[in-house]
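Come along while I look up its domains and its pockets.

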Amino acid sequence: MITGNTRFVPLLAHPCRHVRTPPPFNAECVRRGLDISMVPLDVPPLALDETVKALRQIGNLAGMVVTIPHKTAIAALCDRLEGAAAMLSVCNVVRREADGSLTGAMFDGEGFVAGLRHQGHAVQGRRALIVGAGGAASGVAYALLAAGVASLTIANRSPAKAETLVAQLHAAFPQARVITGTADAQHYDLVINGTALGMHDGDALPVDPTRLRPGTLVAEVVMQPDVTALLTAAQARGCIIHKGIHMVEQQVRLLVDFLEHGDI
Ligand SMILES: NC(=O)c1ccc[n+]([C@@H]2O[C@H](COP(=O)([O-])OP(=O)(O)OC[C@H]3O[C@@H](n4cnc5c(N)ncnc54)[C@H](OP(=O)(O)O)[C@@H]3O)[C@@H](O)[C@H]2O)c1
């Protein structure tokens, strides 16, 4: 029930029809007895600055959750960034502090790794390929290294973004084996689509499924549709599949923790 005491958390996206975070986020708030409600807001990129400027003024704003295409732009609008967000200059959640300042953090990666573990998939020691170098892929790459993958290859349509990400990851994890490469999936036991490919009918596949070895764990960040064309093709090849929704389910707990624990 929304009352005069309710604090709200807009989910900033463009478009916003694909988002799946509000139901589990709102359910988590109810489960904890918190009077906080999430509503999706469709914010075009050119309106982001003005929107955030206005939201800063709103006293019952707990914070914002942010998704495609705003994760990099929002990081530049925060007053401070924590953890992976500070290393990658990208964030997916922003807390409004009591003084109206904004603290950004990034939980896509922790949510992704928690989702894998929750489904019984170990991460440590895997040879991983991630396709993509945008907001979600950056967070996932960071968390995979933190969780101890043996090696990580990053393949992205825009190679310069992959190079920048690898440099950031080397700065955060100097001992890590992380390189840029192609999306040839043959030599990996964990293959992740970290791009937006798969959200729309007719999208190209992020990897050529004929290069997947049976038994490979193939994971998605895309959560709408529930089972993407990549996952369908991977299953037909005898791979183990892991859906994008698991990342959301495990991440809401981290998002609510962060929004609840401001210290300013
Ligand atoms: N499951 C979850 O909890 C969760 C959480 C966050 C995000 N997501 C999903 O993750 C996806 C990406 O979101 P994001 O925030 O990372 O977006 P983003 O920062 O805009 O990054 C998009 C990525 O997709 C690539 N890409 C886009 N169109 C492409 C195409 N036609 N061909 C090849 N590569 C293409 C981009 O490559 P370039 O660098 O070359 O442009 C970039 O690597 C979305 O589907 C989003 O819904 C899921």
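**Entry 1: the domains.** I note at the start that this is a predicted model. I looked up the domain assignment and found domain 1 (7–107 + 248–260) and domain 2 (109–247). I then checked their centres, taken over C-alpha atoms, and 24 Å separate them. For the contact between the two, I listed 16 residues from domain 1 and 25 residues from domain 2.

**Entry 2: what the domains bury.** How much area is buried between domain 1 and domain 2? I wrote down about 1,800 Å², with 63% of it given by carbon and sulfur atoms. On the domain 1 side, I marked R20, L88 and Q250, which lose the most area to domain 2. Together these three make up 34% of what that side buries.

**Entry 3: a salt bridge.** I looked for salt bridges between domain 1 and domain 2 and the count is one. I also looked up the side chain of R20, and it meets that of D226 in a salt bridge, at 3.3 Å from N to O. So that I remember it, R20 is also one of the residues I marked in domain 1 for the area lost to domain 2.

**Entry 4: the largest pocket.** Which residues lie nearest its centre? I found I68, G134, G135, A136 and G194, out of a lining of 49 residues. Several elements give two or more residues to this lining: β3 (63–66), α3 (71–77), α6 (135–146), α7 (159–172) and α9 (245–260). I sorted the lining by class and got 26 nonpolar, 19 polar and four charged residues. Domain 1 and domain 2 each supply at least three residues of the lining of this largest pocket.

**Entry 5: the second largest pocket.** I put the volume of the second largest pocket down as about 170 Å³. Its lining includes E82, G83 and A84, and also M106, F107 and G109. At least two lining residues come from each of α4 (83–88), α5 (108–118) and α6. Which element gives the most to this lining? I found that α6 does, with four residues. By class, I counted seven nonpolar, three polar and two charged residues here. This lining, too, draws at least three residues from each of domain 1 and domain 2.

How values were computed:
Residues numbered from 1 in each chain as written. Predicted model: local features only at pLDDT ≥ 70, side-chain atom pairs only at ≥ 80, totals over all residues. Heavy atoms only, no water. 1 Å grid on protein atoms, 1.4 Å probe; cavity = no way out; pocket = protein on both sides within 12 Å on 5 of 7 lines; lining within 4 Å. Nonpolar A, V, L, I, M, F, W, Y, C, P; charged D, E, K, R; others polar. Domains from an automatic or database assignment. Points joined across faces, edges and corners; volume = space filled by probe spheres on them. Contact = heavy atoms within 4.5 Å. Buried area = accessible area lost by both parts, 1.4 Å probe. Salt bridge = Lys/Arg side-chain N within 4 Å of Asp/Glu carboxyl O.
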